[in-house]
Amino acid sequence: MVAVAGAIVGAGLGGWLNDKIGRKPTIIIADVLFFIGAIIMALAPVPWVIILGRIFVGLGVGMASMTSPLYISETSPTRIRGALVSTNGLLITGGQFLSYLINLGFTQVKGTWRWMLGVAAVPAFVQLILMLSLPESPRWLYRKDKVSEAEAILASIYPPEELEEEMKALKASIESERAEEGSDGGGNMLSKIKQAWGSQVFRRGLYAGVTVQVAQQFVGINTVMYYSPTIVQLAGFASKSTALALSLITSGLNAVGSIVSMMFVDRHGRRRLMIISMVGIITCLVVLAIVFYQAAAHAPKISLAESTHFGVNSTCSAFTSAQNPATWNCMTCLKAASDCSFCANKGNELHPGACLMNTNGLKAACHGEHRVYFTEGCPSKFGFLAVILLGAYIISYSPGMGTAPWIVNSEIYPLRYRGIGGGIAAMANWTSNLIVSETFLTLTQAFGSAGTFLLFAGFSIIGLVSIYFLVPETKGLPIEEVEHMLEKGFKPRFLGRVKEENKISEA
């Protein structure tokens, strides 16, 4: 997970660069870092060089992850801003799906892993070339007193009748910010963070931004994406090729969900999509926990005769020394020790089978008798249902929690602190990613698959409650109006409707 650690640093660095040198140069730097990292990995003569390349890639990914949505948001018309930022999510998930297919193609090529790692440099190089022809964010330019350049870019985005209003709103926002800054507008990075934290608007925005980013990871999505072959095997599919094929489907569903987000995020709102998404995620996780619990409870029994079929020394040592071996089933065998495996009769996988030592020789012997060899999960009549629920989980996640958190973070902060806020929230996202992905396999060993999914369901409930109370709706609001909305405060209403406190006082 060196790349994820690099992404944490890259996200923080990207936040600072966004405010210092602009959105466009930051994306270009991210492209260069990613390109260099991919080339280093492809040409690596020894393993530690691959790790070095992963660090470069992680830095680039972290910087781009928070800068790209911000850049798109600030250069998009208000009415379709959400859909355009969702396009970024579609290209990421679509790219993941495409990378699976490309890597499958490279499996038959000499120097397989070098091609798999090196080909990642191509999209980074293409984006680098295309970015050279794109303009800087007009809002960043206006903030840097390049008013004529900002107006020229906005004129290419908005029709003439909307341009004047957009310029007035931007001018008013900048003047308000500068009046608030007073004589403390400069200073180093630490002083700017301290100054940002002193702003109630920034704090409210940061609470919302960090909430959605942490919730996005603690619903367990990256355990599904990183370990989907393992999860599919836990559901009872022993074949690695089958598990990989089913994980390809989950990746494809993730991309389809991004398209759904593009269609509905500007119509129904970011907050509403996230709340509906979280309800679906929680439901899927709870049902998945029940399914995995039932699969473990109804796992095939261990047969002493089958276990000694391949020789006395082939039997798992934990099974032979057990006090009550008659109570053992497949799941007991696999959880007893890391060197245990289950060999089932093909076509009768649910019948009693053998608890064996997990060695390549016994695996070959098991397959040699046309049997099925399990190391991650057990054969189960619930396996197909678990895979369907994983698909439903992805479909629930992708349109809402998959894309909306990045949209919210591209809109929710005052212009002068937008890089800092986005950087902090992205760091929270990547840190949560690292924690969840690094602990998943340990959790499954400690609590079982059912307990782990139930734990994620608990985290998701906390995330849902936090989103309900802390995250306002930004649908249809010009970016400058989002700041005014946070100044006034809001009271949550079901499915994303916002009640502004100032309206109460005006009434």
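How far apart are the mean positions of the positive and negative charges of the protein chain? The 39 positive and 33 negative charges have mean positions 6 Å apart. Lys and Arg count as positive, Asp and Glu as negative, and His and the chain ends are not counted; a charge is placed at NZ of Lys, CZ of Arg, CG of Asp or CD of Glu.

The model is predicted: local features need pLDDT of at least 70 and side-chain atom pairs pLDDT 80 or more, while totals for chains, interfaces and linings use all residues. Residues are numbered from 1 along each chain as its sequence is written, and side-chain values use heavy atoms, without hydrogens and water.

The C-alpha trace spans about 85 × 60 × 40 Å along its principal axes. The radius of gyration, taken over C-alpha atoms, is compared with a globule rule of 2.2 Å times the number of residues to the power 0.38. For 507 residues a compact globule would come near 23 Å, and the 26 Å of the protein chain agrees with this. Of the 507 residues, 50% are buried, meaning under 20% relative accessible area with a 1.4 Å probe, protein chains only.

The chain has 23 helices and five strands, which are DSSP runs of H or I (at least four residues) and E (at least two), numbered from the N terminus. Strand E1 (residues 340-345) is largely enclosed by the rest of the structure, because five of its six residues are buried. Strands pair if DSSP finds at least two bridges between them. E1 pairs with E2 (residues 354-357) in the antiparallel sense over four bridges, with Ser341 opposite Leu356. Four bridges also join E1 to E3 (residues 371-374), again antiparallel; here Asn345 has Arg371 as its bridge partner.
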